[in-house]
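I am opening these notes to keep a record of what I look up in the structure, one topic at a time.

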Amino acid sequence: MAKITYVEFNGTEHVVDVKPGMSVMEGAVKNNIPGIDADCGGACACATCHVYVEETWLEKTGDKSAMEESMLDFAENVAPNSRLSCQINVTDALDGLVVRMPESQH
Amino acid sequence: MGENDAGVIIVGAGHAGGTAAAQLRQFGYDKRIVVVGEEPIAPYQRPPLSKAWLKGEADADSLALKPDSFYEQANVELILGVRVTAISRDTKTVALSDGRVLPYEFLVLATGARPRPLPIPGADLKGVMALRSAADAEMLKAALGPGKRLAVIGGGYIGLEVAASARALGGEAVVVEREPRILARVSCKTLSDFFTDYHRARGVDFKLDAVVDSFVGEDRHVTGVRLGSGETIACDAALVGIGVAPNDELAREAGLECTGGIVVDEHARTADPSIFAIGDVTHRPLPMYDRMFRLESVANALEQARQAASAIVGRPAPAHEVTWNWSDQYDLKYQFAGLPFDVDDVVVRGDPATAKFAVFHLSGDKIQAVEAVNAPAEFMGGRQLIGQRRSVSRAKLADMSVSMKEVAA
C-alpha cells in the first residue's frame with residue numbers, strides 16, 4: 001500500500017492508502033475525493049484528472065507520454081509539475097506522495 | 001432516514017445515476033438519496049465492456065464507479081435488481097417491482113437506453129447477442145477466442161471495438177454493414193475509409209452494403225448470418241450493434257413530454273419542476289448549436305448529472321460543455337468533440353496514412369466538430385475552439401507546421 005495525500009484546491013487534505021497497480025486517479029475516485037473528475041475513466045482521453053505533483057516526487061512519478069503532454073498542453077492552469085493522474089501508476093515507491101488539485105477540471 | 005422520508009430518488013443505476021448520487025453528496029445534499037437499478041450490481045463504467053474488460057485487462061473492481069463502501073459512507077441507498085414500475089406525480093411517489101412505494105422530493109430519471117433488436121428470423125437463437133450490460137459482456141467474452149468466429153452486425157463504434165477485441169483475443173471477426181460505408185451515421189467518409197483499412201489490415205473482414213436477411217442455426221444455436229444477396233457467413237456467435245433506443249416509457253406513462261427521449265431543459269429538468277432526467281434517455285438542448293438532440297456518451301451523462309445535482313441543491317448551473325467521446329481500437333485513440341451540424345466544409349489536418357490525423361468540420365469559419373485519431377492536441381485544441389465559437393483560419397488548420405497551440409491562440 002502507498003499512502004497518498006490529495007490536497008483539494010481549498011486546502012482540504014485527504015490521506016488514503018492506495019493499492020499498487022491502481023493509478024493515482026483511481027485512488028482518488030474510489031475514495032470519493034472531490035476535485036478529480038476523471039470523466040473518461042482513465043483512458044487518457046479527457047484531461048479532467050489534472051493534478052500538481054509535489055516537486056520532490058516528480059522524478060519518482062516518471063515521465064509524461066507524448067499523448068499526456070499534448071492533452072495537458074490544452075488544460076487550464078498548467079504548470080511544469082502538472083500531470084494527468086490517470087497516467088501515474090501507483091507503486092510502493094510512491095508511498096508518501098502528495099498531489100494538489102487545480103481549481104477546476106472543466 | 002426511514003422508508004417514509006422524501007429526498008432524491010434516482011431511477012437507473014448506470015454512469016449517470018451513480019454520478020448524480022455522488023455529486024449530490026459532494027454538493028452537501030443531506031436528505032435521503034435512493035438509487036434504484038434493474039441490474040443486480042452497483043453503478044459501473046460501461047465503456048470498458050467492449051475494450052479492456054473484454055480483453056481481460058479490467059476486472060469488476062476497476063469497472064465499479066465507486067467501491068461498495070462508498071454507498072454506506074455517503075449514506076446512499078442502493079436498491080438493486082428492482083424496477084420502478086410507475087411514477088405518481090400527484091402523490092410524488094414511485095412504485096417498485098418489489099411492491100414498495102417510495103416518496104420523493106425530487107426524482108431523477110437515468111434509465112438509459114437499450115440496444116435496438118434486429119427483428120429478423122433467427123434473432124432468438126443462442127449466440128445472437130447485444131452489448132450493453134456487464135452480463136451481456138460476460139456472455140460475449142465466452143464467445144471470443146482462438147478459432148472462434150464472430151459476426152458483427154452494424155459497423156458502428158461498439159461493433160468495431162468488439163471486432164478489434166475479438167482479433168486481439170485470437171479470433172476472427174466479420175463486420176456486416178447495411179450502408180456502403182461503416183460509421184455512416186456518426187463519422188465522415190475519411191474516418192470510415194481509415195477505420196475500414198486499419199481493421200482490414202488486422203484481419204477483420206467487411207461486408208458493406210449488405211442487408212441481413214436472417215440468422216441460421218443448428219440445435220437452436222447460431223451458425224451463420226444469411227445476407228440479402230443469398231450468401232451465408234458462417235459464425236460461432238453474432239453481435240448486433242445497430243444503435244440504441246431510449247428507455248423513456250416510464251416518463252411517457254407519467255405524462256412527461258418525450259420526443260425520441262425525455263425532453264429536458266438546460267438544467268436537465270423536465271416540465272415537472274420535481275423531475276429531472278439525465279444521460280442517454282434525454283432529448284436535450286445543445287446551446288452551442290441552438291437545437292435539441294439526444295446524445296449517447298459518458299460525457300453527456302456526467303454533464304447532466306452535474307446539472308441536475310446543481311439545480312437540486314441550488315448551486316449555480318455549471319458552464320455548458322462541448323460534447324465529446326472517444327473510442328479505443330488496437331493502438332488507435334479516436335477522440336471527437338462537438339457535433340457536425342450545418343457543416344459546409346471539411347479540413348483534414350495530417351495524413352490518414354500515418355494513423356495520426358484530424359478532421360475538422362466547419363460551418364463558415366467556425367469549427368462545429370473535430371474527429372481526431374492519435375492526435376490529442378487537435379482534439380483538445382478543437383474542443384476549445386468549438387466552445388469559444390471563434391473564427392479559425394482554414395489555411396492554418398490544414399498546415400501541420402502551425403501547431404494547434406498557435407491555431408487556437
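I began with strand 5 (residues 93–96) of chain B, which pairs with strand 6 of chain B in the antiparallel sense over three bridges. I keep in mind throughout that this is a predicted model. Within that pair I looked up B:Thr93, and its bridge partner in strand 6 of chain B is B:Pro103. I then turned to the hairpin that strand 5 and strand 6 of chain B make, where four residues lie between the strands and B:Gly99 takes a positive phi near 95°.

Strand 6 has other partners on my list. Strand 1 (residues 7–11) of chain B pairs with strand 6 (residues 101–109) of chain B in the parallel sense, over five bridges, and there I find B:Ile9 standing opposite B:Leu107. Strand 18 (residues 275–277) of chain B also pairs with strand 6 of chain B, in the parallel sense and over three bridges.

**Entry 2, an open sheet.** Next I looked up the sheet in chain B whose strand order is 8-15-9-10-11, and I note that its five strands form an open sheet with parallel pairing. Which strands stand at the edges? They are strand 8 (128–129) and strand 11 (205–207) of chain B, and each has a single partner strand, so one side of each is left without a neighbour in the sheet. For strand 8 of chain B I checked the pairing with strand 15 (residues 237–240) of chain B, which is parallel and runs over two bridges. In strand 15 of chain B, the residue opposite B:Met129 is B:Leu239.

I then followed helix 1 (residues 15–26) of chain B, which packs against helix 8 (residues 298–313) of chain B at an angle of about 35°, the axes being 8 Å apart. The crossing of helix 1 of chain B past helix 8 of chain B is right-handed. From helix 1 of chain B the contact includes B:Ala16, B:Ala20 and B:Leu24, and among the residues they and their neighbours meet in helix 8 of chain B are B:Leu302, B:Ala305, B:Arg306 and B:Ile312. Sorted by class, the contact between helix 1 and helix 8 of chain B has 11 nonpolar, four polar and one charged residues.

The domain assignment of chain B gives domain 1 as 7–114 + 244–313, domain 2 as 117–240 and domain 3 as 331–408. I find the centres of domain 2 and domain 3 of chain B separated by 30 Å, taken over C-alpha atoms. Six residues of domain 2 of chain B are in contact with seven residues of domain 3 of chain B, and the domain 2 side of that contact has four nonpolar, two polar and no charged residues.

For the whole of chain B I count 11 helices and 25 strands. Along the principal axes, its C-alpha atoms fill a box of roughly 65 × 60 × 35 Å. The radius of gyration of chain B is 22 Å, which agrees with the value near 22 Å that a compact globule of 409 residues would have.

Last, I looked up how chain A meets chain B, and found 15 residues of chain A in contact with 23 residues of chain B. The side of chain A that touches chain B has eight nonpolar, four polar and three charged residues.

How values were computed: Residues are numbered from 1 along each chain as its sequence is written. Chains are lettered from A and ligands numbered from 1 in the order in which they are written. This is a predicted model: local features need pLDDT of at least 70, side-chain atom pairs count only at pLDDT 80 or more; totals for chains, interfaces and linings use all residues. Two residues are in contact if their C-beta atoms, placed from the backbone, lie within 7 Å. Ala, Val, Leu, Ile, Met, Phe, Trp, Tyr, Cys and Pro count as nonpolar, Asp, Glu, Lys and Arg as charged, and the others, Gly among them, as polar. Domain bounds come from an automatic or database domain assignment. Two strands pair if DSSP finds at least two bridges between them. Axes are lines fitted to C-alpha atoms, for helices over the stretch in contact, and angles run from 0 to 180 degrees between N-to-C directions. A crossing is left-handed if the near helix is turned anticlockwise from the far one by less than a right angle, and right-handed if clockwise. The radius of gyration is taken over C-alpha atoms; the globule rule is 2.2 Å times the number of residues to the power 0.38.
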